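Subject: Structure handover

Hi,

Here is the structure I promised you. Please open it alongside this email.

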Amino acid sequence: MNILVWPGSLREGSLNRKLAEVIAGKLSHQGIGADLINFRDFEMPLYDGDVESSTGIPNSVSALAEKISGCDGWILVTPEYNFGVPGPVKNAIDWLSRIRPYPTSNKTCFLASAAPGLVGGARGLIALRPTLSFMGSWLVPDSFSLAEAANSFGPEGQLKDEGLDKMLSQMLDKFIHATKNLRSP
Ligand code: FNR
C-alpha cells in the first residue's frame with residue numbers, strides 16, 4: 001500500500017510539513033509506503049482558463065495528479081488561511097479538478113492541519129470537505145488538527161503530547177483500514 005502525504009504549505013520550516021513528517025513516519029513504521037512530497041516541487045501558475053485552452057494542463061499539475069492517482073489513499077496536511085483553504089492548495093485542487101477522471105476519485109483521504117493558534121487550522125479542513133468529496137475522494141470522518149503547533153514538536157520532530165500522538169496513530173489506523181477496504185472489499 002502506498003499513501004501520498006501532501007503538506008499544503010510551501011515554506012521551509014512549515015509546521016504542517018513537520019506534522020506531515022510525523023504522519024509519514026507513523027505509516028512507514030507500520031510498513032506502509034509513505035510518499036511525502038514537497039509542494040514546492042509542483043510549482044504551478046494561477047488557474048487561468050485561457051492558459052488551459054492554449055497550453056493545456058501544466059506539467060507540474062499532471063505530475064501531482066499522477067502522484068495522487070498512483071496512490072491507494074492520500075493525506076493532505078495543510079494550514080488554514082483566514083479561516084479557509086490556503087490559496088496555493090485551492091489553486092492546485094482547482095487545476096487537478098480539470099483532469100478526468102479526477103485524480104482524487106475513488107481514493108480515501110485523511111485531512112490534518114497544524115497552526116500556532118488554539119484551533120489548529122481545523123476550519124480550513126472543514127472547508128476542504130465538500131470540494132474533495134465532490135472530486136470523488138472518500139474522506140474519513142476523523143481529521144487531526146494540531147493546536148499550538150509551534151510548541152508541540154520535540155527535538156526529534158515527534159509530537160510532545162503522548163495523548164495526541166496516540167490519538168493520531170489511532171486515526172491513521174482507521175484510515176488505513178478504510179483504505180484497505182476500499183481497495184479490496
Ligand atoms: C495565517 N495563519 C492562520 N492561523 C490560523 O490558525 N487561522 C487562520 O485563519 C490563519 N490565517 C492566516 C493567513 C495567512 C495569509 C497566513 C500567512 C497565516 C497563521 C498560520 O497558521 C501560520 O502561519 C502557520 O505556521 C502556517 O502553516 P505552516 O506554513 O507553518 O505550515
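Predicted model: local features only at pLDDT ≥ 70, side-chain atom pairs only at ≥ 80, totals over all residues.

Five strands make an open sheet, and their order is β2-β1-β3-β4-β5. The pairing is parallel. β2 and β5 (138-146) are the edge strands, each pairing on one side only. From one strand to the next, the twist averages 20°.

Two of the pairings are worth a look. Strand β1 (residues 2-7) and strand β2 (residues 33-36) run parallel and are joined by 4 bridges. There, V5 sits opposite L36 in β2. Together with α1, these two strands make a right-handed β-α-β unit. A114 faces L146 of β5.

**Helices on the sheet**

Helix α5 (residues 122-134) packs on the sheet. It touches β3 (73-77), β4 and β5. The direction of α5 makes about 165° with that of β5. Helix α6 (residues 162-183) lies across β1, β3, β4 and β5. α6 also runs at about 165° to β5.

**A helix pair**

Helix α3 (residues 59-69) and helix α4 (residues 87-96) have axes that come within 10 Å. They cross at roughly 80°, so α3 is roughly perpendicular to α4. On the α3 side, the contact is made by V61, L64, A65 and I68. On the α4 side, A92, W95 and L96 make it.

**N16**

Where is N16? It is in helix α1 (residues 15-29). Its relative accessibility is 4%, so N16 counts as buried. What does the side chain of N16 reach at 2.8 Å? It reaches the backbone nitrogen of A114, the residue that stands opposite L146. Leaving aside neighbours within four places in sequence, N16 is in contact with P7, V77, T78, P79, S113 and A114.

**T104**

T104 lies in the loop between α4 and β4 (108-114). T104 counts as buried because its relative accessibility is 1%. A polar atom of the T104 side chain lies 2.8 Å from the backbone oxygen of M135. Beyond its neighbours within four places in sequence, T104 contacts I68, W74, M135, G136 and S137. I68 is also one of the α3 residues in the contact with α4.

Best wishes

Notes
Residues numbered from 1 in each chain as written. Heavy atoms only, no water. Buried < 20%, exposed > 50% of the residue type's maximum accessible area, 1.4 Å probe, protein only. Polar contact = N/O pair within 3.5 Å; in protein donor to acceptor, adjacent residues only side chain to side chain. Contact = heavy atoms within 4.5 Å. Pairing = 2+ DSSP bridges. Right-handed = clockwise from strand over helix to strand, strands pointing away. Axes fitted to C-alpha atoms, helices over the stretch in contact; angles between N-to-C directions. Parallel < 35°, antiparallel > 145°, perpendicular 65-115°, else oblique.
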